[in-house]
Amino acid sequence: MTDVADPGTTRAGFVALAGLPNAGKSTLLNALLGRKLSITAPKPQTTRNRIVAVAAHGASQLVFVDTPGIHHARGLMHRRMVEQARSSLGEADVSCWLIAADKGIRRPDREQLAALADKSTVIVLNKIDRVGKPSLLPIMAEIAEINPNAQCLPVSALRRQGIDDLTAVLADLVPEGPWLYPSDVLTELPARFFVAELVREQLFRRLREEMPYRLAVVVDRFQERGGRTRIQATIYTDSPSSKKIIVGAGGEGVKTVGIEARRGCERFLETRVDLFLDVKVRKAWQEDERFLAELGI
């Protein structure tokens, strides 16, 4: 369906946002949308699921696909995450490969840039606010040498530098055709998915080292009534010791996570929220095919 009367004047297509972990894909998606949809955290591999979001630029409809970071995967969960990312790159009309300017071009970047030589590709040199302009020039020169057909745009997703230019380039690259979604659609994912993500974001921000990677969040109940939304969610982790860390002394840890996550849910849902969190142990959940499918991984 489309709200545009004359499909002959429109463009629409899928744009895959991909790159190595911590390249800033989710921050870039939020900047392109002009609102927060994808969770962010300083730790790499925050994104686990493929997130589809829709935005319009003039007569073009851009369907962004935010993907997990492509990395050397160990374990079933991480292999599935990388498979999602590579599948999105292969199916997209436009591939948008992100490189963190402060990290430079790494070997996996070089391999992927070469693999994208025959696709419609934009290389986004992100986090330019962290480096000086003289440092960008040799990186851009190397990109042009590896993939001379790709356009390279320097941006700072965090500070929204270069976002308008990037949006305009992508809008011109998607193919001609009718819009793929009605104009009022932001995402195809349900609200309860984003609630789980907002809880997980707070856990990522508050737990140290490897702890955030050992947990998952499932929304068990999502009920709207009388201008309020009642949400019950379970935080799953893989051992009693990690559960103890999440809960915290006297339950203060999970209480703090709940308070901050509730505020995020209220901003996202634009309504009052009652959020109740439980913490349970589910051993080796990262290797459980059925549970990973329930999580959308």
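Reader: Is Phe204 buried or exposed?
Author: This is a predicted model, in which local features need pLDDT of at least 70 and side-chain atom pairs count only at pLDDT 80 or more, while totals for chains, interfaces and linings use all residues. Residues are numbered from 1 along each chain as its sequence is written, and side-chain values use heavy atoms, with hydrogens and water left out. Buried means under 20% relative accessible area, exposed over 50%, and partly exposed in between, with a 1.4 Å probe and protein chains only. Phe204 has a relative accessible area of 0%, so Phe204 is buried.

Reader: How many aromatic pairs are there?
Author: Rings of Phe, Tyr and Trp (its six-membered ring) pair if their centres lie within 6.5 Å; planes under 30 degrees apart count as stacked, over 60 as edge-to-face and the rest as tilted. By this rule the count is five.

Reader: What kind of pair do Phe194 and Phe268 form?
Author: Their ring centres are 5.2 Å apart and their planes make 35°, which is a tilted pair. Helices (H or I, at least four residues) and strands (E, at least two) are DSSP runs, numbered from the N terminus. The pair links distant parts of the chain, as Phe194 is in helix α6 and Phe268 in helix α8 (residues 252-269), 74 residues apart. Phe194 is buried at a relative accessible area of 1%, and its pair with Phe268 is tilted.

Reader: What kind of pair do Phe204 and Tyr213 form?
Author: Tyr213 counts as buried, at 15% relative accessibility. The ring centres of Phe204 and Tyr213 are 5.3 Å apart with 85° between the planes, and the pair is edge-to-face.

Reader: How many of the 16 residues of α6 are buried?
Author: The buried residues of α6 include Phe193, Leu198 and Leu203. Among the elements that cover them are β2, β7 and α8. Helix α6 is mostly covered, and its buried residues number twelve.

Reader: How far does α6 reach from its first C-alpha to its last?
Author: The expected span of a helix is 1.5 Å times one less than its number of residues. For the 16 residues of α6 the expected value is 22 Å, and the span in the model is close to it, at 23 Å.

Reader: Which residue of β9 is the bridge partner of Ala233?
Author: Strand β8 (residues 228-237) runs parallel to β9, and ten bridges join the two. In β9, the partner of Ala233 is Leu277.

Reader: How far apart in space are Leu20 and Asp109?
Author: Leu20 lies in the loop between β1 (11-19) and α1 and counts as buried at 7% relative accessibility. Leu20 and Asp109 are 89 residues apart in sequence, but from C-alpha to C-alpha the distance is 7.5 Å.

Technical notes: Pairing = 2+ DSSP bridges. Contact = heavy atoms within 4.5 Å.
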